[in-house]
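The sequence and structure come first.

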Amino acid sequence: MLLHCLSHYISHFQFSFRYHACAYLYRLSYPRSWDDYFMALAFLSAQRSKDPNKQVGACIVSRCNIILSIGYNGFPRGISDDDLPWAKLSRTGDPLETKYPFVCHAEANAILNANTDKMAGQRLYVTMFPCNECAKMIVQAGLVEVVYCEAKDDGGKQADMACYEASRRLLRLAGVRTRQHQLVRRIVASEAATTSPRSSFGGWEREERHGCRSRVRRPAALG
């Protein structure tokens with residue numbers, strides 16, 4: 001009985017060894033194409049996603065077939081997977097109860113992951129408070145502060161308000177500081193400077209308008 005079991009084990013081992021040896025030689029003779037290789041990496045990256053509905057991966061490659069960046073869909077970095085919803089639909093119709101205002105797509109993450117070194121720890125100045133799509137990129141890029149001028153707190157369409165509420169939630173959960181800054185001196189472009197083809201010449205003049213002094217470029221006469 002013992003000899004029979006041992007013989008069966010040896011036969012199974014020999015078959016397994018031959019099978020793997022042949023498979024190895026086949027892979028050496030017929031390696032994966034570049035397309036197969038990079039697509040396999042995209043699928044492998046997708047396995048990192050926590051999205052229970054759809055896991056998506058992406059891989060960016062150079063002309064010389066060098067891997068530049070990878071990414072997968074998920075919430076912006078630094079935000080817990082338990083702090084935001086993963087649902088595709090809301091029972092009440094509230095978009096903030098779904099994943100869509102908060103999830104970063106795999107393609108966007110791959111692009112942003114390739115450029116985080118320049119952005120990490122920096123601050124952003126923007127004339128209007130960023131929407132949720134921009135907030136995702138702000139967090140993923142590693143920016144630490146957003147300074148805005150025009151707030152988006154009230155009024156407007158319900159869908160727009162949900163968009164900016166999602167943005168505030170994302171920035172708050174990621175620890176990105178936000179503050180409003182109003183210009184001490186307004187920037188006023190004179191009508192002549194914006195319509196005249198000769199406005200690129202000349203110096204600056206001060207113009208009093210709406211109680212604010214601004215520096216306005218004065219077109220100079222030609223000839």
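## Hairpin, sheet and helix

β1 and β2 form a hairpin with five residues between them, and Asn65 in the turn has a positive phi of about 65°. Helices (H or I, at least four residues) and strands (E, at least two) are DSSP runs, numbered from the N terminus. The model is predicted: local features need pLDDT of at least 70, side-chain atom pairs count only at pLDDT 80 or more, and totals for chains, interfaces and linings use all residues. Residues are numbered from 1 along each chain as its sequence is written, and side-chain values use heavy atoms, with hydrogens and water left out.

Gly57 has Tyr72 in β2 as its bridge partner.

Ser69 belongs to strand β2 (residues 67–72). Contact here means heavy atoms within 4.5 Å. Beyond its neighbours within four places in sequence, Ser69 is in contact with Ala58, Cys59, Ile60, Ala110, Asn113 and Ala114. Ser69 and Ala58 are 11 residues apart along the chain, and their C-alpha atoms are separated by 8.4 Å.

Ser49 sits in the loop between α2 (34–46) and β1 (57–61). Not counting residues up to four places away in sequence, Ser49 touches Lys54, Gln55, Tyr72 and Asn73.

Buried means under 20% relative accessible area, exposed over 50%, and partly exposed in between (1.4 Å probe, protein chains only). A polar contact is a pair of N or O atoms within 3.5 Å; within protein, one must be able to donate a hydrogen and the other to accept it, and residues adjacent in sequence count only if both atoms are side-chain atoms.

| Residue | Relative accessibility | Polar contact of the side chain |
|---|---|---|
| Ser49 | 4%, buried | backbone nitrogen of Asp51, 3.2 Å |

A further set of three strands forms an open sheet in the order β3-β4-β5, with parallel pairing. β3 and β5 stand at the edges with a single partner strand each, so one side of each has no neighbour in the sheet. On average, neighbouring strands of this sheet are turned by 20° against each other, direction ignored. Between β3 and β4 (residues 145–150) there are five bridges, and the two run parallel. Tyr125 stands opposite Val147 in β4.

Helix α6 (residues 158–174) has 17 residues and reaches 24 Å from its first C-alpha to its last, close to the 24 Å expected at 1.5 Å a residue. That expected span is 1.5 Å times one less than the number of residues. The buried residues of α6 are Met161, Ala162, Cys163, Tyr164, Ala166, Ser167, Leu170 and Leu171. These pack against β3 (123–128), α5 (132–141) and β5 (177–180). Just after α6, Gly175 takes a positive phi of about 80°.

Key. Pairing = 2+ DSSP bridges. Axes fitted to C-alpha atoms, helices over the stretch in contact; angles between N-to-C directions.
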